[in-house]
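Please read the following report alongside the sequence and the model.

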Amino acid sequence: MSTDNAASFTAGLVQMRSGLSPQANLDAAVRLIGEAKSAGADYVQTPEMTNILEVKRERLFAAITPEESDVSLATFRELARKLGIFLHIGSLAIKLLPEKAANRSFLIDRKGDIVARYDKIHMFDVDLAGGESYRESRNYRPGEIAVAADLPWGRLGLTVCYDLRFPSLYRALAEAGCSFLAIPSAFTRQTGEAHWHVLNRARAIENGAFVLASAQGGAHENGRETFGHSLVVDPWGRILAEGGTEPGVILATIDPAAVTAARTKIPSLQHGRRFELIEPMAEPAHLHAVRGPA
């Protein structure tokens, strides 16, 4: 989708500190989305796990519901229609089976219709220093399909949090015409302090695209601490807006022409090549050719 003649728009990123009550989280999100609209936002994004941030299996599955009966989703659809905005719910925990959920993004248009769904592909299964441990795949079924959707200003690629560490996903979205890369997240404080800024800027630079990354921030009811620092990054890697650790809203003017300008200066999307990798065999004198990505 061409962005050469697309008008600029205002993106509003909602930073939250989701707790254990879906209703309390919904109330907080509705208030902040309203603030973003009042400040002039045309597109509003919330972070990963907007409806609940819970790792304990029993409490999670007692609190969440299937998509068709999810009160938060119904409320967000009506809110998007009422406010006349594109509302991107970074993700909700959606029950698929009695003991398996989806970490699912929803893009809702100005009429309140769901125009895109995306299930987080990469599961965060890791043990961190200090005793922190996460096994996202225990509760969530990973998605298998990359998703892009057209906004009035250009094409948006939908991703979630840990996806950020897998650049091939973003290159595929950019090659599919995405000018904007959404990365709603709940990065841990440890990993966020180390990598959040550099990874978001890298995804913007290497794809010549805007990055829109709403985040969870602060100490949550379940004991987890997230990094915050919601970011808007332009296609040249410059940070246009940044949050702190407290709940709130950040805004930035998004000029789609900046995508064309960046990709003209650095046309790496046109220069990507398939390749063969040469690996040494057991005998140093012999080499083995391995096909690169198809």
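## A buried charged pair

Arg-104 and Glu-67 are both buried, a term that stands for under 20% relative accessible area, with exposed meaning over 50% and partly exposed the range in between (1.4 Å probe, protein chains only). Arg-104 forms a salt bridge with Glu-67, and the closest N and O atoms are 2.9 Å apart; a salt bridge here is a side-chain nitrogen of Lys or Arg within 4 Å of a carboxyl oxygen of Asp or Glu. Because Arg-104 lies in strand β4 and Glu-67 in the loop between α2 (57-63) and α3 (71-83), the pair ties together parts that are 37 residues apart in sequence. Helices (H or I, at least four residues) and strands (E, at least two) are DSSP runs, numbered from the N terminus.

The model is predicted, with local features needing pLDDT of at least 70 and side-chain atom pairs counting only at pLDDT 80 or more, while totals for chains, interfaces and linings use all residues. Residues are numbered from 1 along each chain as its sequence is written, and side-chain values use heavy atoms, with hydrogens and water left out.

Strand β4 (residues 100-108) is largely enclosed by the rest of the structure, because eight of its nine residues are buried. On one side of the pairing, strand β3 (residues 86-97) runs antiparallel to β4 over eight bridges, where pairing requires that DSSP find at least two bridges between two strands. Leu-87 has Ile-108 in β4 as its bridge partner, and the hairpin formed by β3 and β4 has two residues between the strands.

Strand β5 (residues 114-119) is also antiparallel to β4, to which five bridges join it, and Arg-104 stands opposite Asp-119 of β5. The hairpin of β4 and β5 has five residues between its strands, and Gly-112 in this hairpin takes a positive phi near 90°.

## Other salt bridges

The structure holds 16 salt bridges. One of them joins Glu-136 and Lys-120, with an N to O distance of 3.0 Å; Glu-136 belongs to helix α4 (residues 136-139) and Lys-120 to the loop between β5 and β6 (125-127), 16 residues apart. Glu-136 counts as buried at 14% relative accessibility, and Lys-120 counts as buried at 1%. Salt bridges with shared partners also join Glu-67, Arg-104, Arg-117 and Asp-119 into one network.

Glu-246 and Arg-17 form a further salt bridge, their closest N and O atoms being 3.1 Å apart. This pair links distant parts of the chain, with Glu-246 in the loop between β15 (239-242) and β16 (248-254) and Arg-17 in the loop between β1 (9-15) and α1 (22-38), 229 residues apart. Arg-17 is partly exposed, at a relative accessible area of 30%.
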